[in-house]
Amino acid sequence: MCELYVRADPIFYESRTRSLRIHGVVTTIRLENMFWDILTEIAAADGMTVNQLITKLSDEILELRGELPNMASFLRVSCLRYLDRERRVQSGSSSATGQTVALRRVG
């Protein structure tokens with residue numbers, strides 16, 4: 001099983017830093033290439049650029065939570081949630097459109 005992971009092309013987990021403007025403020029985000037690829041896929045599906053998507057996500061999380069202490073982590077989790085939803089849609093799961101996610105606190 002581990003071969004699936006260890007044989008991954010290193011380019012997938014190589015980090016890339018991008019600078020973008022969110023409402024005129026330059027923000028630098030460092031993510032692994034695979035996450036940038038997923039963000040590109042999400043943005044394209046919504047008819048946006050990656051910068052527009054990140055700005056929209058930032059606006060929405062700030063409106064909901066009032067703060068965003070770690071943008072890179074938030075984007076990684078957003079990508080994983082997107083992939084999970086896509087997996088559920090493809091498997092025909094009835095909970096694919098549900099908004100509730102069960103989280104387990106560790107520690």
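Helices α4 and α5 pack at an angle of about 105°, and their axes lie 12 Å apart. The two helices are therefore roughly perpendicular to each other, since angles of 65 to 115 degrees fall in that class. The model is a predicted one. On the α4 side, the contact is made by Ile 54, Leu 57, Ser 58 and Ile 61. Met 71, Phe 74 and Leu 75 contribute from α5. By class, six of these residues are nonpolar and one is polar. No charged residue takes part in the contact of α4 with α5.

Ser 58 belongs to helix α4, which spans residues 50-65. Its relative accessibility is 6%, so Ser 58 counts as buried. Leaving aside residues up to four places away in sequence, Ser 58 touches Ile 22 and Met 71. Met 71 is one of the α5 residues in the helix contact. Ile 22 lies within β1 (15-22).

The largest nonpolar core comprises 19 residues. Those with the most contacts inside this core are Ile 29, Leu 31, Trp 36, Leu 39, Ile 54 and Leu 75. Five elements each supply two or more residues: β1, β2 (25-32), α3 (33-45), α4 and α5 (71-91). Helix α3 gives the most, with six residues. In soluble globular proteins, nonpolar side chains tend to be buried together.

Beyond residues up to four places away in sequence, Leu 75 touches Ile 29, Leu 31, Leu 39, Ile 54 and Leu 57.

Strands β1 and β2 run antiparallel and are joined by eight bridges. Among the paired residues, Arg 21 has Val 26 of β2 as its bridge partner. The two strands form a hairpin, with two residues between them. His 23, in the turn, has a positive phi of about 55°.

Ser 78 and Phe 35 are 43 residues apart along the chain. Their C-alpha atoms are separated by 9.6 Å.

Methods. Residues are numbered from 1 along each chain as its sequence is written. This is a predicted model: local features need pLDDT of at least 70, side-chain atom pairs count only at pLDDT 80 or more; totals for chains, interfaces and linings use all residues. Side-chain values use heavy atoms; hydrogens and water are left out. Helices (H or I, at least four residues) and strands (E, at least two) are DSSP runs, numbered from the N terminus. Buried means under 20% relative accessible area, exposed over 50%, partly exposed in between (1.4 Å probe, protein chains only). Contact means heavy atoms within 4.5 Å. A nonpolar core is a set of buried Ala, Val, Leu, Ile, Met, Phe, Trp, Tyr and Cys residues joined through side-chain atoms within 4.5 Å. Axes are lines fitted to C-alpha atoms, for helices over the stretch in contact, and angles run from 0 to 180 degrees between N-to-C directions. Angles under 35 degrees count as roughly parallel, over 145 as roughly antiparallel, 65 to 115 as roughly perpendicular and the rest as oblique. Ala, Val, Leu, Ile, Met, Phe, Trp, Tyr, Cys and Pro count as nonpolar, Asp, Glu, Lys and Arg as charged, and the others, Gly among them, as polar. Two strands pair if DSSP finds at least two bridges between them.
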